[in-house]
Amino acid sequence: MNPQPEWITVGALADGFAEDNHILPAVDDLAGRRLTLHFDNHWQIEHHFAAHTLRWNNVGEAAGAELPYRATCLRPGIYLVDFLKHEQGQIHSVSLVLDLEQQCFSAVIGQMPSQAESSVDLFSRALASGELTSVKAQFLHGAIDTPVTASTPRHEPTDELVGLRNRYIYSASEAYEHIYLNANFYSWQCLRGVEQGLADTDRCHYYKIAEQLYLFVWREKIVPTLGLVLIDLKAGRSDGKIFGYQGADFSSAANFPVGALAEVLNRTRHR
């Protein structure tokens, strides 16, 4: 009989992904630039980029402290920028898809649950008609360096991934399979690596960035986890990050890059 696979923390997962991986190299293309993001909700936030750090501020206010960031580029003119910010004693994950070709952007702001929130059992969540995951994510959109108008391009929700069964090779030791079930859920299993034998079905979100390029976000319910990747089916690559708690004591955050060689195994079409 096979032993029961064990769930691990996000910090332990980061250790497993650390060696011999397929993450994209960080780029400093944005260094020296100031981009003003005009949000649909009327926020206006300036981002001042250096080579490895950025400062952000609301328009008209002084720039804040320097924050380390990672920027990658799967497609020319489209950047994924990721960083953590601290506000009111909480750590927030901020991921920006900056589409300089269309002068628009998408932002994903994630937040880990408290230990008390994570302790609420799944049955109680279901009876309360709530989401099974306690991980939160907010999706925001807007224009770069210009006010939002009716003609501003948008990264729209998409169902183009639904029905695909994909394999992702993150490193020589780490491989996963994803099955994109419907607009709200996907299933994953670890084929090899530190989570080998584990599988689940979790809440997810899909946005189309460009032809065959997608923003995919998932929120896990067993071990609090926010995953975010850009998937380029044309290039057969993905790149992004995983955010969660370093250990089981909820005292510190882990936020580490992931990237994979992506392969479509098949597509299921339901009539």
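**Reading a Predicted Structure: Pocket, Cavity, Helix and Rings**

Visitor: What volume does the largest pocket have?

Guide: In this predicted model, the volume of the largest pocket comes to about 330 Å³. A pocket is an open space, and it is read through the residues that line it. Here 19 residues form the lining, and those closest to the centre of the pocket are Trp 43, Lys 85, Glu 87, Ile 109 and Gln 138.

Visitor: Which elements give two or more residues to the lining of the largest pocket?

Guide: They are the strands β2, β3 (53-58), β6 (78-87), β7 (90-99), β8 (104-111) and β9. Of these, β8 provides the largest share, with 4 residues.

Visitor: How many cavities of 30 Å³ or more does a search of the whole structure find?

Guide: A cavity differs from a pocket in that a probe fits inside but cannot get out. The search of the whole structure gives 1 cavity of 30 Å³ or more. The volume of this largest cavity is about 190 Å³.

Visitor: Which residues lie nearest the centre of the largest cavity?

Guide: Of the 18 residues in its lining, Leu 13, Tyr 176, Glu 195, Glu 220 and Ile 242 lie nearest the centre. Two or more lining residues come from each of α1 (10-17), β11 (175-180), β12 (185-192) and β14 (213-220). The helix α1 gives the most, namely 3 residues. By class, the lining of the cavity divides into 13 nonpolar, 3 polar and 2 charged residues.

Visitor: Let us turn to α1. How many of its residues are buried?

Guide: A residue is called buried when its relative accessible area is under 20%. In α1, 6 of the 8 residues are buried, and the helix is thus mostly covered. The buried residues are Val 10, Gly 11, Leu 13, Ala 14, Gly 16 and Phe 17. The elements that cover them include β11, β15 (225-232), β16 and β17.

Visitor: How many aromatic pairs are counted?

Guide: Two rings count as a pair when their centres lie within 6.5 Å. The count comes to 19 aromatic pairs. One of them joins Phe 49 and Tyr 69, with the ring centres 5.3 Å apart and 75° between the planes, an edge-to-face arrangement. Phe 49 belongs to strand β2 (residues 44-49) and Tyr 69 to the loop between β4 (67-68) and β5 (70-75), so the pair ties together parts 20 residues apart in sequence.

Visitor: Is Phe 49 buried or exposed?

Guide: Phe 49 is buried, since its relative accessible area is 6%. Tyr 69 also counts as buried, because its relative accessibility is 10%.

Visitor: Where is Thr 133 found?

Guide: Thr 133 is found in the loop between α3 (122-127) and β9. Its relative accessibility is 7%, so Thr 133 counts as buried. A polar atom of its side chain lies 2.8 Å from the backbone oxygen of Glu 220. Leaving aside residues up to four places away in sequence, Thr 133 touches Arg 125, Arg 203, Arg 219, Glu 220 and Lys 221.

Visitor: What phi does Asp 145 have?

Guide: Phi is a backbone angle. For Asp 145, phi is near 60°, a positive value in a residue other than glycine. Asp 145 lies in the loop between β9 (136-144) and β10 (164-169). Its relative accessibility of 41% is why Asp 145 counts as partly exposed. Phe 250, which is not a glycine either, has a positive phi of about 60°. Phe 250 lies in the loop between β16 (237-245) and β17 (253-267), and with 24% relative accessibility Phe 250 counts as partly exposed.

Visitor: Is Gly 89 buried or exposed?

Guide: Gly 89 counts as exposed, because its relative accessibility is 82%. Gly 89 is found in the loop between β6 and β7. Its C-alpha atom is separated by 33 Å from that of Tyr 170, and the two residues are 81 residues apart along the chain.

Methods. Residues are numbered from 1 along each chain as its sequence is written. This is a predicted model: local features need pLDDT of at least 70, side-chain atom pairs count only at pLDDT 80 or more; totals for chains, interfaces and linings use all residues. Side-chain values use heavy atoms; hydrogens and water are left out. Buried means under 20% relative accessible area, exposed over 50%, partly exposed in between (1.4 Å probe, protein chains only). On a 1 Å grid over the protein atoms alone, a cavity is a set of points where a 1.4 Å probe fits but cannot get out, and a pocket is an open set with protein on both sides within 12 Å along at least five of seven lines; lining residues have an atom within 4 Å of a point. Grid points are joined across faces, edges and corners, and a volume is the space filled by probe spheres set on the points. Ala, Val, Leu, Ile, Met, Phe, Trp, Tyr, Cys and Pro count as nonpolar, Asp, Glu, Lys and Arg as charged, and the others, Gly among them, as polar. A polar contact is a pair of N or O atoms within 3.5 Å; within protein, one must be able to donate a hydrogen and the other to accept it, and residues adjacent in sequence count only if both atoms are side-chain atoms. Contact means heavy atoms within 4.5 Å. Rings of Phe, Tyr and Trp (its six-membered ring) pair if their centres lie within 6.5 Å; planes under 30 degrees apart count as stacked, over 60 as edge-to-face and the rest as tilted.
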